[in-house]
Amino acid sequence: MASVMKTLLLNPPSFKNFDGGASSRWPATREIASYWYPVWLSYPAGMLPGSRLLDAPPHGITPEQTVEIARGYDFVVLFTSTVGFSNDVALARMMKQARADLKIAFVGPHVQIKPDCLVNNPEIDFIVTGEFDHAVVEFAEGKPLDKIAGAGYRHNGGIHLNSPRPSMQTEDLDRLPFATEVFKRDLVIENYNVPFLLHPYVAFYTSRGCPALCTFCLWPQTLSGHAWRVRSADNVAEEVRQALKLFPQAKEFFFDDDTFNIRKDRVLELSKKFKPLGFRWSCTARCHSDYETLKAMADAGARLFIVGFESGDPQILRNIKKGATLEMARAFTKNCKKVGIAIHGDFIVGLPGETEETIQRTFDFARELDTETIQVSIAHAYPGTELHDHLVRNGYLTDRPLSDAQGHQLPHIEYPGLDRAKMMAAVNRFYDSYYFRPRVVWRIVRKALWDAHERKRLHQEAVEYLRLRSERRIYARKGSPTKPVMANDGP
């Protein structure tokens, strides 16, 4: 058997503060620097001896440094994104110029949606669609491309896509290496920051896929799929137990599943395993868990949920196939407050059916829920989503680029009577009306009063936000196409 290729698993440098595809479901340059862990890349990194997981953005590694590092490897697996694709191709070209025999695979939703990217980009040797963990490992171990399920490559002047690889199930997921072992080996956890999570934090997955049908959500429609597959509770608890020893400085663990709380019996089982370990954790969540489930999670250390409420208008929720109602959201939020779990609520302006009246309903609904923190996004339609197809069919998607030259997402949707400038102005008003209330200001500031670390972080984030707020006001008045908009991180 041939020796295993020395492999670099790469989340590439791109724009300043760009939270790219391997670590974010919504790749963009963040207004307040935020970095999610490159969990997807960690699994093949853990399976390949001599490999390295290089997460360039949070570690401040430049394209030139990346090229130099790649010289020492035989094979690079690069997780690309729609926003960063052009930059990633340019980086691949530089790597090939530095080492002509280097093999480069691109993975991630963008190449799954647009496999024809192989035609005009000879720097890419092959792509992998869907779950790529074993495909790239098989290539590194010497398996021919035409025998690797899920691989796509140039062939006879065209493109050949091999048959898709079956999705991994519980027994397969339990056999994967622990992501946190690779984090300990290759990453610095203090470099990862998300404003509403405790710092430093550590994140990994307990499941893959999401059965919800939200039309705007990219990963379940591309990379992870709608089939919900779980790791066993024992396997998850074992990774937590080990990670608590590997990262004694971590203040919180974050379960970055597409949606963590899909099934009550599993949540209760995990909570029972977590409780004796005595650690704080947060997760993504939908607003359907009952009081009993939430109480069990709180008793097991749950601190915060990221919840995509999206809109305060019932018809818009139906339009995007949210599978949740306003009453469900109200009951869920009320019960979270009862058990002491905070919520980071995500809302979106500009979904199908949006008007100035529905935006006002969402304003009012957000203030009614009064969650710990919120995030407000302009609707963004990534290729590969049902939302994108709907907007194209109805002529609501403009020819504006997805992002500016710095990687900030740009508004690219317009409806009759609701243009991009009005939506941007609505985002400004939304934040102002929510956060500039005395009780909310006090709720945020009081946490930092006795914690110097949190005080410093809060100050930095406030400065960045106020600068962005000023830029947004200019955008709303002039419609400048170069100013950033908020990115959405919700489930």
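This is a predicted model: local features need pLDDT of at least 70, side-chain atom pairs count only at pLDDT 80 or more; totals for chains, interfaces and linings use all residues.
Author: Residues are numbered from 1 along each chain as its sequence is written, and side-chain values use heavy atoms, with hydrogens and water left out.

Reader: Why is the pair of phenylalanine 255 and phenylalanine 260 called stacked?

Author: Rings of Phe, Tyr and Trp (its six-membered ring) pair if their centres lie within 6.5 Å; planes under 30 degrees apart count as stacked, over 60 as edge-to-face and the rest as tilted. The centres of phenylalanine 255 and phenylalanine 260 are 5.4 Å apart and the planes are at 15°, so this pair is stacked. The structure holds 29 aromatic pairs.

Reader: What makes tyrosine 431 and tyrosine 435 a stacked pair?

Author: Their ring centres are 6.1 Å apart and their planes at 10°, so the pair is stacked. Tyrosine 431 and tyrosine 435 are four residues apart in helix H17 (residues 420-435), and therefore about one helical turn separates them. Helices (H or I, at least four residues) and strands (E, at least two) are DSSP runs, numbered from the N terminus.

Reader: Are tyrosine 431 and tyrosine 435 buried or exposed?

Author: Both tyrosine 431 and tyrosine 435 are buried, where buried means under 20% relative accessible area, exposed over 50% and partly exposed in between (1.4 Å probe, protein chains only).

Reader: What makes both faces of strand E13 covered?

Author: In E13 (residues 252-255), Glu252 and Phe254 on one side and Phe253 and Phe255 on the other are all buried. In a regular strand the side chains alternate between the two faces of the sheet.

Reader: Which strands pair with E13?

Author: Two strands pair if DSSP finds at least two bridges between them. Strand E10 (residues 201-204) is parallel to E13 over four bridges, and strand E14 (residues 281-285), also parallel to E13, is joined to E13 by three. Phenylalanine 254 stands opposite alanine 203 and has serine 282 in E14 as a bridge partner.

Reader: What makes lysine 6 lie over the face of tyrosine 73?

Author: A charge sits over a ring if NZ of Lys or CZ of Arg is within 6 Å of the ring centre and within 35 degrees of the ring normal. Lysine 6 lies over the face of tyrosine 73, 4.9 Å from the ring centre.
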